[in-house]
Amino acid sequence: MTTRALTAALLGLTLVGSAARAANLDDCNAEVPTPAAGARALAEAYFLDARVLQWPGLVLKAGERVVLHHARAATLRAPAGEAVAGSDGGLLLSPSSAALPERFRFIGQGLRLAVPADVDLKELLREQLLLVHEAADGRVIAATGLQLPGALDALYAAAEQVADLGAHPTRTQTGFAVWAPTAQRVQLCRHATAQGPAVSVEPMQFDRATGVWRATVPGDLSGRAYRYLVDVVTPTHGLVRNVVTDPYSVALTADSRLSVVADLASPALKPAGWDRAPRPSRVKAATDQIIYELHVRDFSVSDASVRPAWRGKYLAFTEARSDGMKHLTALAHAGLTDVHLLPVFDLASVPERGCKTPVVPQAAPDSEAQQAAVMAVAADDCFNWGYDPWHFNAPEGSYATDPLRRVVEFRQMVLALHRAGLRVGMDMVYNHMAAAGQHPKSVLDRLVPGYYHRLDAKGQIERSTCCDNTATEHRMMAKLMIDSAALWVREYKIDSMRFDLMGHQPREAMERLQRRVDAQAGRPVQLLGEGWNFGEVANGARFVQASQLSLNGSGIGAFSDRARDAARGGGAGEGGDASVRNQGWLNGLVYAPNALGGGRPPEDLLHAADMIRVGLAGSVRSVELTTWRGERRRLDAIAYGDQPAGFASEPGEVVNYVENHDNQTLFDVNALKLPLATSREDRARVQMLGAALVAFSQGVAYFHAGQDILRSKSLDRNSYDSGDWFNRLDWRYQTNHFGTGLPPRQDNFGADGRDWALAKERLADPAIAPGPAEIAWARDVFRDLLRIRATTPLLRLRTAADIKARLSFPASGPGQNPTLLALRLDGQGLAGQRAVLALINVAPTAQSLSLPQEAGAKWVPHPVQRQGADARVRREARFAEGRFDVPARSAAVFVLN
């Protein structure tokens with residue numbers, strides 16, 4: 001409906017009786033339009049609470065005033081030098097002496113003003129508001145919109161306790177509830193089925209205490225579709241009528257066009273055995289987790305042993321005899337505890353019906369043709385990582401055989417993984433939405449404009465996360481996040497969670513979420529996430545973040561980049577020659593320089609070796625290390641750039657990894673950084689040394705799917721939208737897909753094409769890609785590493801006190817051999833091994849370590865390695881008279897007999 005017609009309707013001038021109902025029904029059945037772009041109105045002033053606001057930078061001269069103008073039909077205009085036009089009235093504001101609330105510490109200094117006490121602010125917030133700096137004669141000096149969250153959080157605090165948002169059917173009636181406190185009217189559009197048009201429009205009643213609109217309809221409406229008609233003032237298009245899906249939707253029609261009423265407790269939505277099936281119980285503490293990060297579509301889209309209709313779908317996990325499930329089951333038997341799924345909530349980037357499959361030509365290993373074919377349909381193909389949330393509480397429909405079966409098929413997947421002995425973790429993305437404003441895929445901002453998203457000092461939406469940032473520091477956005485996480489634990493038996501860009505969320509909200517999901521599950525639900533510190537919230541600018549340095553003591557895990565960067569070399573953003581030159585501890589720094597890596601000082605390798613030790617110690621603050629300089633220091637006193645290397649209070653608060661879905665795979669990084677002449681066998685060995693670092697480190701062990709079979713993305717550094725072609729997995733172990741074309745140009749071309757030139761040189765080299773023998777060897781050695789970690793409690797210590805008491809690094813400090821690292825774990829007083837000594841030799845030659853203090857001890861190879869897949873270690877790893885011999889590019893573990 002146009003703004004003019006809607007304004008007339010709201011003023012009661014037109015569209016009455018049956019004509020009004022018909023118009024409303026037409027709006028219910030309309031497709032969500034893509035409106036002409038509208039500039040987001042300037043909003044430099046902030047409501048600080050229910051009565052006080054602040055305009056940063058405002059200075060009043062004698063005779064000037066500040067007036068809060070309002071207009072129900074959003075007709076305000078305030079041209080400079082003229083009088084305000086289109087106002088329904090103006091409130092003269094008086095200066096306030098109220099203190100600045102802590103939550104607004106980030107805003108600039110400025111005059112604080114109070115709204116008169118007799119004003120109904122709840123009603124006022126449903127209108128267009130404009131704060132105007134006026135001269136004595138009423139002429140406009142300056143004007144700005146206002147940021148409303150401070151007032152909404154104060155006025156509607158009771159909404160946080162509302163437990164029935166969304167649609168809730170019973171045998172006799174169905175209730176609907178949606179929070180939209182600034183809406184002037186909300187109506188419920190009801191559909192007779194999940195497919196047909198809307199058949200009725202129901203009025204909804206506004207609860208002034210909570211800001212919730214409600215409707216109750218007779219009968220159980222399960223399976224029927226609905227949406228809301230919301231008349232609301234927006235900062236971009238004035239007064240509009242939005243047809244919006246429910247942010248608390250638990251089911252949706254194809255492509256998320258309509259919300260669907262569903263009772264998740266209904267037997268019709270549960271696979272056989274769902275209620276009785278037990279969860280795997282191997283994880284007794286956070287450090288017991290051994291995690292495999294996996295994308296639903298990657299898992300089976302190329303697996304010919306899965307029936308065609310189930311490839312790339314949830315149901316592929318129910319094919320127990322498929323190659324992929326046999327692979328996961330073997331990992332579970334070796335010690336893997338968790339499969340963490342990349343986003344599986346409803347996402348905006350993949351069509352749920354009619355997605356396109358590119359026709360990729362057979363072309364040279366270094367050809368541009370493959371990526372050109374993939375990217376030609378990337379916007380409409382069947383693949384995306386999925387970090388673009390649309391509805392948090394419903395499973396993604398493109399992974400279901402029919403979008404209307406998304407609930408039951410998701411549960412079938414969870415049940416199958418649990419039966420395979422694997423817990424199920426989810427990638428939770430609450431830090432941003434796929435869209436905001438009046439975009440058709442915007443939900444939250446079309447319900448309560450300007451509330452759910454974090455705004456900058458001008459009132460524009462922050463986008464530091466890549467997309468439209470949410471504001472979980474706001475009461476109802478935090479509630480949505482916590483309610484959503486609890487739903488996944490309660491209704492889908494999710495066992496653990498990984499939070500994308502968790503540092504953009506308040507620690508306090510994450511701790512509340514932890515308590516809530518634990519209560520829902522009746523046991524601890526392990527939380528971990530990306531605690532990176534950047535953007536508008538960096539360094540605690542707006543709140544105490546759930547970031548690396550701020551989470552210690554919370555029990556929530558954060559990914560550690562300390563050992564990751566030292567092992568891989570360089571960093572995530574490097575390109576050009578630096579991506580070759582910046583070698584790491586694993587791939588030749590100083591000891592095996594590549595063509596561009598020469599001239600690095602020995603101190604670089606020594607420093608990298610110490611960072612590896614930091615990672616092996618779990619990045620725990622209180623653990624001490626003798627550095628290569630000879631200084632005995634706590635890890636939080638060792639520098640990692642401008643941060644302390646040790647950031648965790650306890651080992652359960654650190655997640656160790658050398659590869660995940662972001663950036664190049666470890667194989668691809670090593671293809672860039674290892675000397676070009678490195679053999680296929682040694683490339684596989686280097687890959688497994690990276691896995692050994694994770695397996696031997698205190699904390700949570702985290703691996704990327706395919707890391708164990710030398711996964712390559714043909715050097716793609718950002719495969720989020722690179723189609724199935726660059727994200728494939730081969731569970732038959734014949735290829736790792738290196739050399740399947742140049743990676744997509746958009747993120748891999750580099751300055752003047754240098755990144756492509758370096759990639760071309762390597763992709764064309766037939767000696768780099770592994771064969772089936774190397775892939776099978778890596779697969780089997782990886783499983784041995786899992787067995788070692790799973791059967792060695794000393795590698796999974798639960799407290800910092802135990803790590804301090806039991807972990808040491810023999811032959812560290814000055815005079816060390818930085819290519820051969822050793823860690824010793826004392827098991828005195830614990831059941832199991834008396835002691836463990838693990839050594840990792842990254843050098844391309846055999847190395848020895850003499851420890852005279854161990855001369856009288858009886859060290860023998862770990863039971864797993866005595867019969868392990870690495871024949872070199874079986875033959876050549878030895879201990880005699882205080883000397884440990886470790887073969888080239890090998891990890892050896894000894895136990896005290």
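**Close-up views of pockets and disulfides**

**View 1. The largest pocket holds about 820 Å³ of space.** The model shown here and in the other views is predicted. The lining of the largest pocket is made up of 33 residues. Those nearest the centre of the pocket are Trp385, Thr465, Cys466, Asp662 and Asn718. By class, the lining of the largest pocket comprises 12 nonpolar, 12 polar and nine charged residues.

View 2. The most comes from β7, which supplies three residues. Sorted by class, the lining of the second largest pocket has 17 nonpolar, 11 polar and four charged residues.

**View 3. A disulfide joins Cys28 to Cys189.** The sulfur atoms of Cys28 and Cys189 are 2.0 Å apart. The two cysteines are 161 residues apart, and the pair links distant parts of the chain. Cys28 sits in helix α2 (residues 17–29), while Cys189 belongs to strand β12 (residues 185–191). The disulfide of Cys28 and Cys189 is left-handed because the torsion about its S-S bond is about -75°. Cys28 has a relative accessible area of 0% and is therefore buried, the cut-off for buried being under 20%. Cys189, with a relative accessibility of 0%, counts as buried too.

**View 4. A disulfide joins Cys355 to Cys382.** The distance from S to S in the link of Cys355 and Cys382 is 2.0 Å. With 90° about the S-S bond, this disulfide is right-handed. The pair links distant parts of the chain, with Cys355 and Cys382 lying 27 residues apart. Cys355 is in the loop between β21 (345–347) and α7 (369–376). Cys382 is in the loop between α7 and β22 (389–395). Cys355 has a relative accessibility of 29%, so Cys355 counts as partly exposed. Cys382 has a relative accessibility of 11%, so Cys382 counts as buried.

View 5. The link of Cys466 and Cys467 is left-handed, with -80° about the S-S bond. Cys466 has a relative accessible area of 45% and is therefore partly exposed, whereas Cys467, with a relative accessible area of 14%, is buried.

**View 6. The chain has three disulfides, shown together.** When the bonded cysteines are numbered in sequence order, they pair as 1-2, 3-4, 5-6. On handedness, the link of Cys28 and Cys189 is left-handed, that of Cys355 and Cys382 is right-handed, and that of Cys466 and Cys467 is left-handed.

Terms used:
Residues numbered from 1 in each chain as written. Predicted model: local features only at pLDDT ≥ 70, side-chain atom pairs only at ≥ 80, totals over all residues. Heavy atoms only, no water. Disulfide = S-S within 2.5 Å. Helix = DSSP H or I, 4+ residues; strand = E, 2+ residues; numbered from the N terminus. Buried < 20%, exposed > 50% of the residue type's maximum accessible area, 1.4 Å probe, protein only. 1 Å grid on protein atoms, 1.4 Å probe; cavity = no way out; pocket = protein on both sides within 12 Å on 5 of 7 lines; lining within 4 Å. Points joined across faces, edges and corners; volume = space filled by probe spheres on them. Nonpolar A, V, L, I, M, F, W, Y, C, P; charged D, E, K, R; others polar.
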